[in-house]
Amino acid sequence: MRKPIQAAYAWANERLDLDDMVKFARKKTVPEHRHSAWYYWGGITLFFFLAQAVSGVLLLLYYRPGPDAYESVRQITFDIHFGWLIRSTHSWAANLMLISIFVHMFSVYFMKAYRSPREFGWWSGIVLLMMSMVFGFSGYLLPMNELAYFATKVGLEIPASLPVIGPVMADLVRGGLEVNEFTVHRFFALHVVVLPALFIPLLGFHLWLVQKHGNALPPSEEARPAAARRSIPFFPNFMLKDLAMWLIALNILAVLAAMFPWDLGQAADPLKPAPRGIHPEWYFMSQFQVLKVFGNWLPGAAGEIIGLVWFTLGMILWCIIPLYDPRNDGGRRGRRATYFGLLALLILIVTTAWGYWAIHSETLTDARPAPPIAGAALTPHQQIRSNPPAP
Amino acid sequence: MNYPFWNVPHIGSGWVIGLIAIFHIMISHFAVGGGLYLPMAEQKALREGRQDWLDTLRSHSKFFLVLTGVFGTVSGVGIWFAIGLANPEATSTLIHNFVFAWAIEWVVFLVELSTIVVYYYTWGRISNELHIKVGYAYAISSFLTLVVINGILTFMLTPGDAWLAVAGTGREASRFWQAFFNPTYWPSLFLRSAVCVSLAGIWALVTCSRIDGEARPQLKTDLVRWSAKWLLPSFIAMPFILGWYLWLVPESQRALLQLGMTTIGTGAFTQVTRVALIMVLTSATVVGLVYFLAWRLPLSFGRAHALAILLLGLVVTAAGEYSREMLRKPYVIGRHMYSNGVRVSEVARFNRDGYLPQSPWVPANATVLQRGQIMFRGECMACHTADAYRSMKVLLEGRDREAISRLLAILHDSKPDSPYKAFMPPLVGTAEEVTALGDYLESLARPAAHQAKD
């Protein structure tokens, strides 16, 4: 068995110079210290992206954008073998990817890995985060169920409130004055063509930068003498540990996808009132809450405009941090940057929690009784599918 | 019906058994596999003159003794205590059939406990040959506990035609051996033995992870790799044994696994498929992690790695046991007794004469709602709670009284094409009792509407 493998390797090696790649990978090292665990989060994010790419391609086999969108997702969820698993995997992987991006971004921030010469890594990472959020937003509408419809409608009202360009932008994205089948078509094109075409090359650039500059040392490690620092070879040591992390990530994804399958809900009906407590996904909740707070404080569109200015300013500051704190000398700027990061993290957590708490309170105060399901309305088979009473 | 109902609010009695059982199985299977690991490792160490191995094994045997001798035994007794409370009818049937088996179990259990104590306290005090013999005596006795209990557990899934032919006649014990060596006995024994061997390796890796790789590189490399090898037999054999096991499971039970392929549901209708998927995937993850972290990088194999593998092992155990339990649905003893303790043979009588008259727990002047509540406790509470796990409030939310009646009628008629038949026992009782249950369920699902009617 060993001989044919060796022969195949020799054949490929002659043509691709594999030995050189292995030699390079063995020479490359990864620092090992008490904060090393944070190095794995970039790889975990990549894994969740790949899981989405694979499950997304499988969903494409059956998904039909346009008026059939809901019906096609219903078929995927209820009729096609393991369709529910693929859809659930795709949705959970999207959420887990965003969680891991946030963890990765803040770990990079607090380990000061944005400092020179890694500025482009930081900037490309921020753009990748924003694109991932747009991936999430555009994908959320595709099943065209009740929640997705109203959440998208509310979500698009935010840019529409901007003076002059707002309504034009919103109409362009919606494909008209209302969220409808044309919006689904546009979001679909954005989700499966435009975003991947931009995301994948940028991701390649980001990974190339990591490869070029290597893993950054946190300030506590940099303060130690070079002889006291430890490192492990990238190949095979770090790679094997990275693969182990991928396996754990796969398992977490599988447990969530299997035990908490993504709900489909009812088909969107624009004539119906919006469901109680309609809100965006968790990764937009902070912005949503800030806009709501400013909207309550200030009259008319002023609140929303101030809110949008607040985000834009925050984002600009977040982006120029590498220029403000470029050196490894541990000076005052470094400390201020750390405080700024802590403040940003605190605002993000508090406003997200505040948003959920506010929605929960609104739902409780607006407790309209749900219409009863009439006895004759559903056959037992439909009952199982729509609301199965489990044994 | 002859026993009081054990009402465990929010989680239900099933989860009390489940929570104890998951930990117990993790430890008791380690007790069997680890029983083989210790004397085999000791023998190898003596043959190769590895004193450093012997020191580590001594420390491992202390951990083994405390974990299996204390937590294993206490949780084992806890399971039987809990099932006696949760499903007394089924426990009574098991005791009446298998009292002889339990007697054997207690004898081998005492031998098992005694030999492990002797094994640990005689390190360096008796000859090496005798010490190894004590170790193997422990291994044999602990394996025999599995041999015995496996007969009782598999009986609950597949009691076999021979036993079913005499079930309810009072002559059940005459078919003891047929019931014991029932259709799924052998594949289950092999399956559990494979799990035992794997768990021996996983727990040994926990001990190995504490060895300082920088100070003792050779010891750590050798012992980590040798322990990792213990996962190999089950990795290779498990798919075949699992296939053999499923092949012998009745077709009706196997069908439960297929429902989750095409559809989802929030309830247990598809849960067994989903949990079984997790079991298979997590097993593969455990083997992958052991290969990447232990076999390939033994020197840097640390406590966090070992605990991650152990935790995933716990997930596999939990998923496996849950799937096995769910495969029995709607029975607690296959084709003989439903999960709510109603015997298959009693259904017609309960429908004709009523369910409640058989119970000593119905007050003479019970209101309709009280009668409905007793019906719920007797027939539903084995699997459902009022307000949390498999909550009736959630499952019936939004349904009006007519919808509840229709659902109960479907459950009562239990026709062959009923989608509930695969998982749920038929609802038994007279029309008046079913109405009382419906009223009680409405009071849970729509308390305001129910009170308005009163």
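In chain A of this predicted model, 40% of the 391 residues count as buried. The chain is built with 15 helices and two strands, and its C-alpha trace spans about 75 × 60 × 40 Å along the principal axes. Among the contacts in chain A with a separation of 6 or more, 79% join residues 24 or more positions apart.

The buried residues of α4(A) are A:Ala69, A:Tyr70, A:Ser72, A:Val73, A:Ile76, A:Thr77 and A:Phe78.

A loop residue of chain A gives another view. A:Ala268 lies in the loop between α11 (234-259) and α12 (282-297) of chain A. Its relative accessibility is 22%, so A:Ala268 counts as partly exposed; the buried class requires under 20%. Beyond its neighbours within four places in sequence, A:Ala268 touches A:Met144, A:Asn145, A:Glu146 and A:Tyr149. By contrast, A:Ala268 and A:Asp329 are 61 residues apart along the chain, and 57 Å separates their C-alpha atoms.

Attention now turns to the nonpolar interior. In soluble globular proteins, nonpolar side chains tend to be buried together. The largest nonpolar core here has 100 residues, and B:Tyr37 and B:Leu441 are those with the most contacts inside it. Helix α11 of chain B, residues 271-295, supplies the largest share of this core, namely eleven residues. A second, separate core has 45 residues, including A:Met105, A:Leu203, A:Phe238 and A:Trp318.

The surroundings of B:Tyr37 can be followed residue by residue. With neighbours within four places in sequence left aside, B:Tyr37 is in contact with B:Leu57, B:His60, B:Ala200, B:Ala204, B:Leu223, B:Trp226, B:Ser227 and B:Trp230. Another residue to look for is B:His24, which sits in helix α1 (residues 13-47) of chain B. B:His24 has a relative accessible area of 16% and is therefore buried. Its contacts, again leaving aside neighbours within four places, are B:Gly72, B:Ser75, B:Gly76 and B:Ile79.

Chain B also shows how helices pack. Two packed helices are described by the angle between their axes and the distance between the axes. Helix α8 of chain B (residues 217-228) packs with α11(B) at an angle of about 170 degrees, and their axes are 10 Å apart. This angle makes α8(B) roughly antiparallel to α11(B), because angles over 145 degrees fall in that class. On the α8(B) side the contact involves B:Val224, B:Arg225 and B:Ala228, while α11(B) contributes B:Val290, B:Ala294 and B:Trp295. Sorted by class, the residues of this contact are five nonpolar, no polar and one charged.

Helices α7 (residues 185-208) and α12 (residues 303-327) of chain B form another pair, packed at an angle of about 160 degrees with axes 9 Å apart. α7(B) and α12(B) are therefore roughly antiparallel to each other, and their crossing is left-handed. Here B:Arg192, B:Ile202, B:Trp203, B:Leu205 and B:Val206 of α7(B) meet B:Ala306, B:Ile309, B:Leu310, B:Glu321 and B:Arg324 of α12(B). The contact of α7(B) with α12(B) has seven nonpolar, no polar and three charged residues.

Definitions and conventions:
Residues numbered from 1 in each chain as written. Chains lettered and ligands numbered in written order. Predicted model: local features only at pLDDT ≥ 70, side-chain atom pairs only at ≥ 80, totals over all residues. Heavy atoms only, no water. Axes fitted to C-alpha atoms, helices over the stretch in contact; angles between N-to-C directions. Helix = DSSP H or I, 4+ residues; strand = E, 2+ residues; numbered from the N terminus. Parallel < 35°, antiparallel > 145°, perpendicular 65-115°, else oblique. Left-handed = near helix turned anticlockwise from the far one by under 90°. Contact = heavy atoms within 4.5 Å. Nonpolar A, V, L, I, M, F, W, Y, C, P; charged D, E, K, R; others polar. Core = buried A, V, L, I, M, F, W, Y, C linked by side-chain atoms within 4.5 Å. Buried < 20%, exposed > 50% of the residue type's maximum accessible area, 1.4 Å probe, protein only.
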